[in-house]
2 protein chains.
Amino acid sequence: MRTARPGGRTAQTKAAVFEAASALLAEKSPASISMVEVAGRAGVAATSLYRRWGDLPTLLLDVAVERLMEDWPLPDTGCLATDLQVWAGRIAASLGSRDGSLFFRVYVATAPLAAEATPGRSAAVMRRVGQIAALLDRATARGEPAPAVTEVVDHLLAPLYMRALFGMPADESIALDLVARLLDRAAR
Amino acid sequence: MRTARPGGRTAQTKAAVFEAASALLAEKSPASISMVEVAGRAGVAATSLYRRWGDLPTLLLDVAVERLMEDWPLPDTGCLATDLQVWAGRIAASLGSRDGSLFFRVYVATAPLAAEATPGRSAAVMRRVGQIAALLDRATARGEPAPAVTEVVDHLLAPLYMRALFGMPADESIALDLVARLLDRAAR
């Protein structure tokens with residue numbers, strides 16, 4: 001029986017497709033998944049997947065971005081060190097989880113590779129850069145010494161992402177060490 | 001006419017397949033390439049590709065690792081700062097080139113995603129880690145102050161890789177800045 005609300009059905013279809021794609025991604029590499037496979041597991045016609053997403057990379061990218069970019073409130077503890085510890089700890093915990101690490105790598109794998117697509121590729125990381133800028137602005141307004149945004153990207157975010165990508169440890173204690181090192185330098 | 005040396009023909013086939021795969025990768029995302037497409041462009045039967053590589057991700061990973069891991073002699077200038085500048089400048093130049101950046105992202109995209117496959121995934125980065133260790137050992141033997149290997153990974157390699165992944169600038173002048181910052185700290 002068809003549901004009376006098309007919006008509701010669309011949302012349910014999307015949830016089923018995302019669920020199916022996530023399950024397949026947990027099993028194998030993005031390059032060995034097909035649109036037909038996702039459709040089959042979601043119980044949806046492949047044609048409607050093509051209509052909605054166009055191709056598989058676009059679908060997988062949509063799944064990865066939605067799972068990765070889940071929003072949590074920015075910490076606001078009144079102290080930059082604590083704010084960064086909470087923020088970086090949260091990212092480390094997410095990258096350290098099976099799902100977080102998986103979706104980060106799927107994001108990297110499916111984001112457009114062509115040089116011309118660079119703005120689209122950096123859009124996801126720009127969200128994190130915006131969060132860093134907000135934390136640093138607050139610290140500066142309180143009169144705390146603060147590093148530059150690029151320093152936080154290079155020396156806090158980059159080591160955590162790189163460690164997740166290459167299967168090296170990236171837990172909360174490493175996040176704390178990275179924050180301490182960063183702020184030690186900013187205070188000089 | 002068939003060539004008399006099967007080894008020679010095998011090498012030629014491999015070169016044609018790598019060439020075809022590289023050309024396709026420059027055009028679109030790894031997830032939208034098929035084995036049949038690579039075979040067609042290389043003028044080789046798809047069955048022989050399946051026989052040799054098993055599946056497309058394995059083939060693309062092989063291409064990316066070969067293109068990325070091209071060997072160049074480690075610098076040995078008698079001074080850690082100069083050694084690291086040359087080494088990091090070379091990596092930045094490679095990541096900054098269209099091909100280097102492409103193959104790095106293909107490597108990340110096709111390396112096995114499953115948690116169990118972690119050792120395989122980190123094998124490529126381990127080569128760079130080995131180079132870092134060699135440079136630092138030499139510096140220590142000369143009595144120079146030297147950072148730890150993980151510091152060089154986190155604060156020199158990670159920012160360069162992360163910038164390449166997200167389409168942020170990663171040129172040789174940034175490599176020089178990162179080296180200066182790293183050694184400034186090691187000297188304290």
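Me: What is the volume of the largest pocket?

Reply: The model is predicted. In it, the largest pocket has a volume of about 320 Å³.

Me: Which residues are the closest to the centre of the largest pocket?

Reply: They are Arg67(B), Leu68(B), Ser94(B), Gly100(B) and Arg128(B). The whole lining counts 21 residues.

Me: Which helices of chain B each supply at least two residues of that lining?

Reply: Four names come up: H4, H5 (80-96), H6 (98-110) and H7 (118-141), all in chain B.

Me: How do you know that the length of helix H4 of chain B agrees with what its residues should span?

Reply: Take its 13 residues, 56-68, at 1.5 Å a residue. The expected span is 1.5 Å times one less than the number of residues. That gives 18 Å for H4(B), and its end C-alpha atoms are 18 Å apart, so the two agree.

Me: Which residues of H4(B) are buried, and what puts them on the same side?

Reply: The buried ones are Leu56(B), Pro57(B), Leu59(B), Leu60(B), Val63(B), Ala64(B) and Leu68(B). They cover an arc of only 160° around the axis, so they sit on the same side of H4(B).

Me: Why is Arg128(B) called buried?

Reply: Buried means under 20% relative accessible area. Arg128(B) has 7%, so it counts as buried.

Me: Where does Arg128(B) lie, and what does it touch?

Reply: Arg128(B) lies in helix H7 of chain B. Beyond residues up to four places away in sequence, Arg128(B) touches Leu68(B), Met69(B), Trp72(B), Trp87(B), Ile91(B), Leu157(B) and Tyr161(B).

Me: Now chain A. What does its secondary structure come to?

Reply: Chain A has 9 helices and 0 strands. From the N terminus on, its elements run α-α-α-α-α-α-α-α-α.

Me: How many of the residues of chain A count as buried?

Reply: Of its 188 residues, 47% count as buried. Chain A exposes about 8400 Å², and carbon and sulfur atoms supply 56% of that area.

Me: What share of the contacts in chain A join residues at least 24 apart?

Reply: The share is 64%, among contacts between residues at least 6 apart in sequence.

Me: How do you know that helix H5 of chain A reaches close to its expected span?

Reply: H5(A) covers residues 80-96, which is 17 residues. At 1.5 Å a residue, 24 Å is expected. From first C-alpha to last, H5(A) reaches 23 Å, close to that value. Its buried residues include Leu80(A), Asp83(A), Trp87(A) and Ile91(A).

Me: What makes Trp87(A) buried?

Reply: Its relative accessible area is 1%, and the cut-off is under 20%, so Trp87(A) is buried. Trp87(A) lies in helix H5 of chain A. Leaving aside neighbours within four places in sequence, its contacts include Trp72(A), Pro75(A), Arg128(A), Leu135(A) and Leu157(A).

Me: Is Leu157(A) buried or exposed, and how do you know?

Reply: Leu157(A) has a relative accessible area of 0%, which is under 20%, so it is buried. Leu157(A) lies in helix H8 of chain A. Not counting residues up to four places away in sequence, Leu157(A) touches Trp87(A), Ile91(A), Val125(A), Arg128(A), Ile132(A), Val152(A) and Met162(B).

Me: Why is Asp154(A) called buried?

Reply: The value for Asp154(A) is 7%, and buried means under 20%, so the word applies. Asp154(A) is found in helix H8, residues 149-165, of chain A.

Me: Which residues are in contact with Asp154(A), leaving aside its neighbours within four places in sequence?

Reply: They are Pro159(A), Asp154(B), Pro159(B), Arg163(B) and Leu178(B).

Methods
Residues numbered from 1 in each chain as written. Chains lettered and ligands numbered in written order. Predicted model: local features only at pLDDT ≥ 70, side-chain atom pairs only at ≥ 80, totals over all residues. Heavy atoms only, no water. Buried < 20%, exposed > 50% of the residue type's maximum accessible area, 1.4 Å probe, protein only. Arc of directions from axis to C-beta. Contact = heavy atoms within 4.5 Å. Areas by Shrake-Rupley, 256 points an atom, 1.4 Å probe, with all protein chains shown as cover. 1 Å grid on protein atoms, 1.4 Å probe; cavity = no way out; pocket = protein on both sides within 12 Å on 5 of 7 lines; lining within 4 Å. Points joined across faces, edges and corners; volume = space filled by probe spheres on them.
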